[in-house]
Amino acid sequence: MEVRDCLVSAPGKAILHGEHAVVHGKVALAVSLNLRTYLQLKARSDGKVCINLPNIDTFVCWELSELKQLTSFLSDKKEEMQRLDAELVKRLREFIGVTNGNLDSSASAILAFLYIYLSLFGSGRSIIDMPSLTVSVWSELPTGAGLGSSAAYSVCLAAAFLCATGNIPTPLKEWEQTGRWCQEDLELINSWAFQGEKIIHGNPSGVDNAVGTWDIGGMLRFLAGKIIPLSRVPLLRILLTNTKVPRSTKVLVARVKDKINKLPSIMIPVLDSVDAISCTCEKVLTEMTCEPITGDHYNILEELIDINQHHLNVIGVGHPSLDTLCQVTAARGLHSKLTGAGGGGCGITLLRPETDSTTVQGTMKDLRDCGYDCWETSIGGPGVQQHFPSSVKEEIMEVLNRY
C-alpha cells in the first residue's frame with residue numbers, strides 16, 4: 001500500500017499530587033508536560049522497514065519479506081485486536097532475540113513498533129500491501145525518569161500508523177500548522193497506544209497514554225482505576241528536575257504497603273490527607289480557569305506542594321537527592337516536590353508569573369551544580385497532534401531527517 005509521510009508529537013506527563021495514594025483508592029492528578037516526543041513516518045521504496053531512535057542510540061532495519069512471514073500469527077477477529085496478542089508478542093520476542101528476561105529500552109521500543117506495525121498494516125489486508133517505511137523518533141523527555149516517555153512514544157506510533165493506514169483521517173488543514181483529531185479518533189489512538197504500553201510495562205495504569213492522547217487541557221483525575229479528564233487547567237510554568245538517581249517503582253510501592261500494614265492508624269490518615277491535597281489542588285486549578293488568577297491561588301498551590309512533599313517523606317518515598325532539590329529551590333523562594341514514584345527520579349518546582357528570569361536561571365544553575373538535569377517548561381499542554389514540518393523546531397527536524 002502507499003503511505004503518506006506523517007509528523008506527529010505527544011507530551012510527557014507528571015503526577016501533580018497523589019503519588020502512591022492512588023494505589024489505595026485515593027485521587028491522583030496527572031498533568032501533561034510541554035516536553036514532547038516527535039515521530040516522523042516517511043515512505044521508502046526499497047523494501048525495508050526501519051526505526052530510528054537516536055535518544056537511545058538505536059537504528060534497525062528489516063527486509064519487508066522478513067516481516068511478512070510474521071503475519072501468519074495475526075488474528076483476523078476484530079474483537080481480539082483490542083486485547084494484547086500474547087502469541088504475536090512471543091513470536092516478536094523470538095524474532096528480535098529477547099526471549100527471556102526483562103526488555104531494555106531499545107528492545108521494548110522495537111517490540112512495540114513491530115507489534116503495532118504488523119497489527120495495523122498486516123491484519124485483514126493482503127500482505128502485498130504492507131508498506132516500506134522509516135519511523136524516526138526524537139524526544140525532549142529523558143527516558144526511564146517516570147515522565148511518560150514510553151507512553152508518548154506509543155501514542156505517536158499509534159497516531160502515525162492509524163493515519164497512514166487510513167483508519168483515521170489527517171486532521172491538518174492547509175491554513176493550520178498543527179491539527180488535532182476528533183474524540184472518536186483519539187479513542188482509537190489511545191486504545192492502540194495502551195497496547196504499546198502493555199508491551200513495554202506489562203501492567204500499566206493507562207494514565208500515561210491517556211495524558212499523551214487527549215485534548216484535556218493538561219490534567220486527568222485517576223481514581224480507583226478510572227481515568228477522568230478534567231476541565232481545562234491554566235498553563236503553569238515549572239522547573240522540571242531529574243536527579244538522575246535510579247529507583248524501582250515496584251520496590252517503592254511495596255515499601256509504602258509495608259508501612260501501611262505495620263502502622264495503619266498513622267499511615268491511613270496521611271493518605272487521606274494526600275487525597276484531600278489532590279482534591280483541593282483540583283478545585284484551585286479549576287477556579288483559575290474561570291476567574292482572574294490572583295496571588296492567593298499561587299499561595300495555596302505552593303502550600304499544597306510543601307505539605308504533599310512532607311507527606312511523601314513520611315510514607316517513605318523521599319530521598320536525599322529530592323531533599324536537596326527542595327532546599328536549593330527554597331533558598332530562592334520557590335516550592336518543589338517529587339513527581340512519580342519517588343526514591344530519586346524527578347521533581348517539579350512551581351514558578352509564579354512574576355518569577356523573573358534571573359531567579360529561574362540562577363536556580364537552574366544551582367540544580368545543575370548538584371549534578372541534576374533541569375528544564376524550564378509548563379504543564380497543561382495539548383495531547384497528540386499532527387504537524388506541518390515548518391511548525392517544529394529546526395534542530396528537531398534535523399535529527400528526524402538524518403535517515
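Author: Ring pairs join Trp62, Phe113, Tyr117, Phe121 and Phe161 into a cluster. Rings of Phe, Tyr and Trp (its six-membered ring) pair if their centres lie within 6.5 Å; planes under 30 degrees apart count as stacked, over 60 as edge-to-face and the rest as tilted.

Reader: What kind of model is it, and how are residues numbered?

Author: This is a predicted model, where local features need pLDDT of at least 70 and side-chain atom pairs count only at pLDDT 80 or more, while totals for chains, interfaces and linings use all residues. Residues are numbered from 1 along each chain as its sequence is written, and side-chain values use heavy atoms, with hydrogens and water left out.

Reader: How many aromatic pairs does the structure hold?

Author: Six aromatic pairs. In one of them, the ring centres of Phe113 and Tyr117 are 6.2 Å apart and the planes are at 15°, so this pair is stacked. Phe113 and Tyr117 are four residues apart in helix α3, which puts about one helical turn between them. Helices (H or I, at least four residues) and strands (E, at least two) are DSSP runs, numbered from the N terminus.

Reader: Is Phe113 buried or exposed?

Author: Phe113 is buried, at 0% relative accessible area. Tyr117 is buried too, at 0%. Buried means under 20% relative accessible area, exposed over 50%, partly exposed in between (1.4 Å probe, protein chains only).

Reader: Which residues have the most contacts inside the largest nonpolar core?

Author: Leu41, Phe113, Tyr117, Tyr153, Phe161 and Ile189, in a core of 94 residues. Helix α3 (residues 105–121) gives the largest share, 13 residues. A nonpolar core is a set of buried Ala, Val, Leu, Ile, Met, Phe, Trp, Tyr and Cys residues joined through side-chain atoms within 4.5 Å.

Reader: Cysteines next. Which ones form a disulfide?

Author: Cys50 and Cys61, with their sulfur atoms 2.0 Å apart; a disulfide is a pair of cysteine sulfur atoms within 2.5 Å. Cys50 is in strand β3 (residues 48–53) and Cys61 in strand β4 (residues 58–63), so the bond ties together parts 11 residues apart in sequence. The link is right-handed, with 110° about the S-S bond.

Reader: How buried are the two ends?

Author: Cys50 is buried, at 0% relative accessible area, whereas Cys61 is partly exposed, at 33%.
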